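User: I'm new to this one. Could you walk me through how you know what you say about it?

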Amino acid sequence: MTQRSSETSPPRKGRIRRVLRRVFYAIIILIAALALYAWVTGARQEAIETGEPHMKAVVYTEYGSPDVLQIRDIKKPVPNDDEILVKVQAASVNPLDWHFIRGTPFIGRLGLMGLRKPKVPRLGVDYAGTVEAVGKNVRLFKPGDEVFGGKTGAFAEYLCTRADRAVTVKPANMTFQQAASVPIAGVTALQGLRDKGHVQPGQKVLINGASGGVGTFAVQLAKLFGGEVTGVCSTRNLELVRSLGAEHVIDYTKEDFTKGKERYDVILDNVGNQPLSGFRRALNSNGILVMIGGGGPNDGGLIGPMGRPVKALLMSPFTSQKMGMFMTELTKGDLTALGDLMQTGKVTPVIDRTYPLREIPDAIRYLEEGHARGKVVINVGDSDGT
Ligand SMILES: NC(=O)c1ccc[n+]([C@@H]2O[C@H](COP(=O)([O-])OP(=O)(O)OC[C@H]3O[C@@H](n4cnc5c(N)ncnc54)[C@H](OP(=O)(O)O)[C@@H]3O)[C@@H](O)[C@H]2O)c1
């Protein structure tokens, strides 16, 4: 007996060491991902600058419900030599925005959000608009160009962004509203399916949360990659998801896909409503689970929706299935790829509702309910978004 336990203990010790190493890596990856996101979207410690000429912008100086948002007159930004000044015509809302307003999950406050109050008092990332001025080193754009991209502070009449970062030409056949709905949701779906899910033609792909911002792009992209697509949504959205190209739809109010007979090669999870064991049951033995997000505005806690991905990371040495979460990186290349797909009619954004800038708290409140059908868009400029 003693002999047997001494024979088995070294591998067990090795496993424990491996698991501890993975916990450590999970924490480092999480902090690095938050920092990377801040860098990509240009978030940094900022004060609200006032002065002339001014513009209207959404600002918040404390955490809380969408009621903390204010529309203030602040100084209009001036582009540096490598930047462009964009007159924002439309922006779109993402769950990321309410995470920032509420300061959740708490671990985010240890990174870029700010411990007691927001480090960056500006909000919004996704936008589309018209280039009004360019810095002297900028060759990629000229005044009058119509562009879309991602930059912290997009809920404002103007923004400055580096020309070589996450901004690209808006397809001529897309409205400002459509283009503004793309950046975070579209790039997340693209990177999730292409880079993490490695979707191949003929594979069975399930999109959990197929009718939301990310899901409506994901269904179209999974189809384009040649997948046999199953979309999970509520009854009222079954037709929408079918119309986006899903061969099969599952009404989550009537059926639990994790208890069905079907096994999938790739699951893209936008909801986080199932235990890991359920997702694993629905995957084939070499399947890939790509965890995008989950949780609502009242599910804060220290790490919020990160609990399941951390557990998945710890389990992955013991299973042939691959499971993991990733943070979207907004890149010019992927925005351009999505722009091309829209230009050629292969991907069409789905817009649920449009709000004027002054009603931004209502737009966020609506998204927080967790049942948007596609994207929620904000009309910022004086154009009607077209
Ligand atoms: N990792 C990243 O970098 C990254 C990037 C973007 C987004 N995210 C995260 O990904 C998640 C999705 O983002 P999103 O923009 O798509 O959010 P969203 O637009 O608010 O999507 C909500 C959708 O979830 C669906 N839903 C709610 N409960 C469901 C259930 N039990 N089963 C299936 N579907 C359900 C709703 O459909 P019904 O109306 O039919 O219920 C709705 O269409 C969020 O948690 C967000 O924070 C993460």
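User: How do you know how far to trust the chain?

Analyst: This is a predicted model, and pLDDT is the predictor's confidence in each residue, from 0 to 100. The chain averages 89, with 85% of its residues at 70 or more. Residues 1–8 are another story: pLDDT stays under 50 there, and the model gives them 0 contacts beyond four places in sequence. Where pLDDT is low, the coordinates should not be read in detail.

User: What makes S8 and S11 a pair?

Analyst: Two strands pair if there are at least two bridges between them. Strand S8 (residues 204–208) and strand S11 (residues 264–269) have 4 bridges, in the parallel sense, so they pass that cut-off. As an example, Asn208 has Asp269 in S11 as its bridge partner.

User: Why are S10 and S13 said to stand at the edges?

Analyst: The open sheet has 6 strands in the order S10-S9-S8-S11-S12-S13, with parallel pairing. S10 (248–251) and S13 (322–325) each have a single partner strand, so one side of each lacks a neighbour in the sheet. Neighbouring strands here are turned by 15° against each other on average, direction ignored.

User: How does H6 run relative to S8?

Analyst: H6 lies across S8, S9 and S11, at about 175° to S8.

User: How many charged residues are in the shell around the ligand?

Analyst: By class, the shell has no charged residues, with 13 nonpolar and 17 polar ones. Gly212, Gly213, Ser234, Gly293 and His371 come nearest of the 30 residues. Gly counts as polar.

User: Which elements and domains supply that shell?

Analyst: H5 (183–196), H6 (213–224) and S9 (228–233) each give at least two residues. Domain 2 (54–180 + 352–379) and domain 3 (185–325) each supply at least three.

Terms used:
Residues are numbered from 1 along each chain as its sequence is written. This is a predicted model: local features need pLDDT of at least 70, side-chain atom pairs count only at pLDDT 80 or more; totals for chains, interfaces and linings use all residues. A residue is near a molecule or strand if its C-beta atom, placed from the backbone, lies within 6 Å of it. Domain bounds come from an automatic or database domain assignment. Axes are lines fitted to C-alpha atoms, for helices over the stretch in contact, and angles run from 0 to 180 degrees between N-to-C directions. Two residues are in contact if their C-beta atoms, placed from the backbone, lie within 7 Å.
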